Protein chains: 2
Amino acid sequence: MTPTITAFERSPDRGRGLARDMRVRWALEEVGRPYDVRLVSFGEMKQAAHLARNPFGQIPTYEEGDLALFESGAIVFHIAERHGGLLPAEPNARSRAVMWMFAALNTVEPPVFDRDLVQILERKEPWYEARMRALEDSIRTRLGALSRHLGEADWLDGDFSAGDLLMATVLRRLNGSALLADHPNIAAYVARGEARPAFQRAFEAQRAVFEAASGG
Amino acid sequence: MTPTITAFERSPDRGRGLARDMRVRWALEEVGRPYDVRLVSFGEMKQAAHLARNPFGQIPTYEEGDLALFESGAIVFHIAERHGGLLPAEPNARSRAVMWMFAALNTVEPPVFDRDLVQILERKEPWYEARMRALEDSIRTRLGALSRHLGEADWLDGDFSAGDLLMATVLRRLNGSALLADHPNIAAYVARGEARPAFQRAFEAQRAVFEAASGG
């Protein structure tokens, strides 16, 4: 059965693959699983049909037969658990890969995501500079820790895993920033993720949606 | 083998069980697993011995033989995966329980945690009122969605699961607030979690640490 995911009809990132459907597309590409996409507008996301898929009214969602899931981390985990290639077989290594999934979404993503949000929503507020400084300090602390852990390794723990997939999607938001440039090993890690054929296919698929919506 | 977790030597929540070791203690109590605790000071958390357990220098960590984990969500998942009682056996229900784990930590926790942080760190800043208003709006939106989903059910999806465990630990931070009082079904849900004998045992254990540290 082909799963159906939801994605923005017109992504606010203008096709840069920063919306959270990108993670799910990438995971499905890594495991070689075809999928359908239902595009939703911002208005539709708050209507009953979509709220039945995700009570929080966000994308992505994942529908497969009787199963309906939301939360990109949980969807990636579901895909990783049912197919080979995204989680190690050895039980302890598998627990560590899951640990990096949570680390990506709970320790690294919050300040990285807030930084983007503040840049858009709070640029004219009197507290803008102070807020950005605090967020960037917080990001710097986390990137420093991540950089020391990664060292010269290709991936966070052995082979590429769902933990790397989520971490790379989080860190991509910092592409082009001094924050990332301060850590060449992390910049190379992100580039390594982006160079994977599965990432490329997922990226092109989401980009095509944005271009079609823009008539471009 | 008895696992060892780390916790604050002197928790900044003054024994209210809001630190993230509480989740791990609760999960271990639910599955009936004894554990040892290594207490760490704020200074020790940033030193090499602790950074080897968690490069981000936070608590809790979890050590069991050759396995060392950090990230409370990942530790709770590890415990849930290896013991009965915290994840349903049916595969789709299990994927949904994992979904609620991610929803607790990625959708609900960020604004709830930030509200506590802002109350402590930004109370004297000129932007304090505006920041709190934005955070509370964000929390209200999420609680509204959660309340509609929960309805009159006891738990988020069937029986109590690791998803409820994490969600309840996140929502407890709002105990006593108008935000929670606006949704009696969520307040009752949190109280239902707190009434579980395993929660009570975990709560008393972390409280005893704080009282010993305070000489109280």
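Buried denotes a relative accessible area under 20%, exposed over 50%, and partly exposed the range in between, with a 1.4 Å probe and protein chains only. The legends below describe a predicted model, in which local features need pLDDT of at least 70, side-chain atom pairs count only at pLDDT 80 or more, and totals for chains, interfaces and linings use all residues. Residues are numbered from 1 along each chain as its sequence is written, chains are lettered from A and ligands numbered from 1 in the order in which they are written, and side-chain values use heavy atoms, with hydrogens and water left out.

View 1. Arg14(B) is exposed, its relative accessible area being 60%. The residue is placed in the loop between β1 (4-8) and α1 of chain B; helices (H or I, at least four residues) and strands (E, at least two) are DSSP runs, numbered from the N terminus. Although Arg14(B) is not a glycine, its phi is positive, at about 55 degrees. In chain A, Arg14(A) likewise has a positive phi, near 55 degrees, in a residue other than glycine. Arg14(A) belongs to the loop between β1 (4-8) and α1 of chain A and counts as exposed at 58% relative accessibility.

View 2. In chain A, the peptide bond from Ile59(A) to Pro60(A) is cis, with omega near 0 degrees. Pro60(A) is part of the loop between α3 (48-53) and β3 (61-64) of chain A. In chain B, Ile59(B) and Pro60(B) are joined by a cis peptide bond with omega of about 0 degrees. Pro60(B) is situated in the loop between α3 (48-53) and β3 (61-64) of chain B.

**View 3. The enclosed helix α7 of chain B.** Ten of the ten residues of α7 (residues 162-171) of chain B are buried, so this helix is largely enclosed by the rest of the structure. Among the buried residues are Asp164(B), Met167(B) and Thr169(B). The buried residues of α7(B) pack against α1 (21-30), α4 (72-82), α5 (91-121), α6 (128-150), α8 (178-181) and α9 (184-194) of chain B, where contact means heavy atoms within 4.5 Å. At the start of α7(B), a side-chain oxygen of Ser161(B) comes to within 2.9 Å of the backbone nitrogen of Gly163(B).

View 4. Arg201(A) and Glu29(A) form a salt bridge through their side chains (2.8 Å, N to O). Arg201(A) is in helix α10 (residues 197-213) and Glu29(A) in helix α1 (residues 21-30) of chain A, so the pair ties together parts that are 172 residues apart in sequence. A salt bridge is defined by a side-chain nitrogen of Lys or Arg within 4 Å of a carboxyl oxygen of Asp or Glu. Arg201(A) is partly exposed, at 43% relative accessibility, whereas Glu29(A) is buried at 18%. A search of the whole structure finds 38 salt bridges over all chains.

**View 5. Salt bridges within helices of chain B.** The side chains of Arg140(B) and Glu136(B) meet in a salt bridge (3.8 Å, N to O). These two residues are four residues apart in helix α6 of chain B and are therefore separated by about one helical turn. Arg140(B) is partly exposed at 37% relative accessibility, while Glu136(B) is buried at 18%. In helix α10 (residues 197-213) of chain B, Glu211(B) and Arg207(B) are also four residues apart, about one helical turn. Their side chains form a salt bridge (3.1 Å, N to O). Glu211(B) is partly exposed, with a relative accessible area of 33%, and Arg207(B) is partly exposed at 30%.

**View 6. A salt-bridge network and the relation of the two chains.** Salt bridges that share partners join Glu81(A), Arg94(A), Glu81(B) and Arg94(B) into one network. Chain A can be laid on chain B with an RMSD of 0.1 Å by a turn of 180 degrees and a shift of 0.0 Å along the axis. The two copies are thus related as by a two-fold rotation axis. Superposition is by least squares on the C-alpha atoms of residues with pLDDT of at least 70 in both copies. Of the interface residues of chain A, 100% are also interface residues in chain B, so the copies meet through the same surface.

Conventions. A polar contact is a pair of N or O atoms within 3.5 Å; within protein, one must be able to donate a hydrogen and the other to accept it, and residues adjacent in sequence count only if both atoms are side-chain atoms.
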